[in-house]
Amino acid sequence: MAIVAQSSKFSTFGRPVLAWAVGLLFFFPIFWLFLTSFKTDADAVKPEYLLFFTPTLENYLNMTQNYDYWRFATNSVVTSVFATVFTLVVGIPAAYAMAFNPSRGTKDILMWMLSTKMLPAAAVLYPMTFLTKGLGLFDTHFLIILVLSLINLPIVVWMLFTYFKEIPKDIIEAGKMDGVNTWGEIKEILIPLAWGGIASTALLCFIFCWNEAYWTVRLTTTDAATLSKLIEGNRAPEGLFFGRLSAVSTAAIGPIVVLGWFCQKQLVQGLTFGAVK
Amino acid sequence: MSDRKLPRLLQTPAVLLLLVWMLVPLGMTLYFSFIRYVLNNLRKPEWTTPNISNWRGFGNYEFVLNSKSFILAIQNSLLIVCSILFLTVILGIMIAVLINKTFPGQGIVRVLLISPFFVMPAVNAVLWINMILDPVLGLQGIAVSGINETLISLRSMPVLGGFFSLWPQFEPISFRATQTSAIAVIMMVTWQWTPFAVLILMTSLQSEDQQQKEAAILDGASAWSQFRFLTLPHLGRPIAIVVMIQAIFHLSLYAEIEIVSRGNGNKNLPYLIGEFANNNIGAASATGIFAVILANIVAIFLLRMIGRTLME
């Protein structure tokens, strides 16, 4: 009854229209980037070709030549994939220990991990440059993988912890009765059970690695430079290259935006550290 | 007990890695902040290598506190963070309440809305400052010149022309300028983070007590008082979390500021540190310590809040 009383004119007509308008408005800049990527550089700045133009793939075909796109993209893929894998390899055992064998200090350790995430990166900019140059690690894939892992480790441990907590302890205990050792427990019982949670944690970690734009810009020059660095380096195209810049930007964000659609829900869990369900 | 030892040891790699990651660079920053350390100085070459004999005490801190750019950077950090927080929370509540009820295409609208959050910050800034906000070639420039042309053609109308000639011509705004670059940064980050607020608030709205709501409706409560006295209190904690998490992310904003104006007119603390770090490492380090203090003040609140809900 209450629902009938509630459905005013606004709910049936106004709400969908307004909601769609807001959705389209927020999506518009991405759509615009995508649309511009099919215009030639000359057409992209002419008002008469704002919406109607002859689409061309030339910007995408020349992406390698104009920007060396694939080198940066390869770096992004390599660093993000390895960083995600490494973070999980370190994070899964840690989260397992905290969820199934908590001690009095577990809560404090989790809190402390989170607090490292809040340390402003800029504060340690120079020491990082100094150290990595001294150790010969500056501008190497290894360094970027390590840094990306470390900045995402707290969030990954937290997310895995909240997933693992949901698994009944009895199942793990039953494994112990059967004489399975700790590695067996993780491999045979925990990972298959928490597979969905682990996968979405990995996906979110990958997205954060891909979009990272402080260390990847400040700790690289050419060899390990990622897409963030590529785009940042072409920040002011003097208006001449909107077409090609749009194409390379679309190629830089496309895969991630699509991946993001699949893990919106995990985002809530990950970024609020399980405090909003 | 011994079969519990190994499982607990499994957290050591993670803990050790983070400990090294946090303590080593931070320790160095602290050390550098107390010595004279510049990268280029011909008259005092001994200052160009870090050495304890170059001890300066709190000199770097004094230097930073007395420099005008530090005060401006603090003001800018706060201006940018507070404006973004205000806008994202208000817009987030409005949009979350709007799309929380089922309507045709709700799933698609959700996907459209969340998309900006996954755009990498560098692309976000390049896209906004060039293709949307550029005063000549961007959509802003095209829109302004379109309006002006329409205005001019209206002036030549027989009767009403006189009326339109009273209207001024519009001037496009350059968002790379000193006075406006902060506005551009606020706009683009708000665009990116409003979806985050919407997502969190919407998730929370779904767990709202529906029975309580129906009771309120039966009692004849208006839509506004339902919102004011039931929904808003329910959203209290998620709003606090949105505020805190965003504060931490936005206090370290960097790429957007670099791309919009290379810091022209709106350096925040991380940007100022980057500039100092080109030469004066002592000052950069002292500024870094101030940034750590600022972030810690924010972080303490967040950790307290999450700590309460952690182990339930």
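The second largest pocket has a volume of about 270 Å³, where a pocket is, on a 1 Å grid over the protein atoms alone, an open set of points at which a 1.4 Å probe fits, with protein on both sides within 12 Å along at least five of seven lines, and a volume is the space filled by probe spheres set on points joined across faces, edges and corners. This is a predicted model, in which local features need pLDDT of at least 70 and side-chain atom pairs count only at pLDDT 80 or more, whereas totals for chains, interfaces and linings use all residues. Side-chain values use heavy atoms, without hydrogens and water, residues are numbered from 1 along each chain as its sequence is written, and chains are lettered from A in the order in which they are written.

**Second largest pocket**
- Two or more lining residues come from each of α8 (125–134) and α9 (141–165) of chain A and α2 (12–32) of chain B, helices being DSSP runs of H or I with at least four residues, numbered from the N terminus.
- The lining holds 14 nonpolar residues, one polar and no charged, with Ala, Val, Leu, Ile, Met, Phe, Trp, Tyr, Cys and Pro counted as nonpolar, Asp, Glu, Lys and Arg as charged, and the others, Gly among them, as polar.

**Cavities**
- Seven cavities of 30 Å³ or more are found in the whole structure, a cavity being a set of points where the 1.4 Å probe fits but cannot get out.
- By class, the lining of the largest cavity comprises 34 nonpolar, six polar and three charged residues.

**Interface of chains A and B**
- The contact (heavy atoms within 4.5 Å) involves 104 residues of chain A and 99 residues of chain B.
- Between them the two chains bury about 9,300 Å², 79% of it on carbon and sulfur atoms, buried area being the accessible area (1.4 Å probe) lost on putting two parts together, summed over both.
- A:Phe26, A:Tyr126 and A:Arg235 supply 9% of the area that chain A buries against chain B, more than any other three residues.

**Helix packing in chain B**
- B:Arg110, B:Leu113 and B:Ile114 of α5(B) meet B:Pro195, B:Val198, B:Leu199 and B:Met202 of α9(B), and the residues of this contact are six nonpolar, no polar and one charged.

Note on methods: On a 1 Å grid over the protein atoms alone, a cavity is a set of points where a 1.4 Å probe fits but cannot get out, and a pocket is an open set with protein on both sides within 12 Å along at least five of seven lines; lining residues have an atom within 4 Å of a point.
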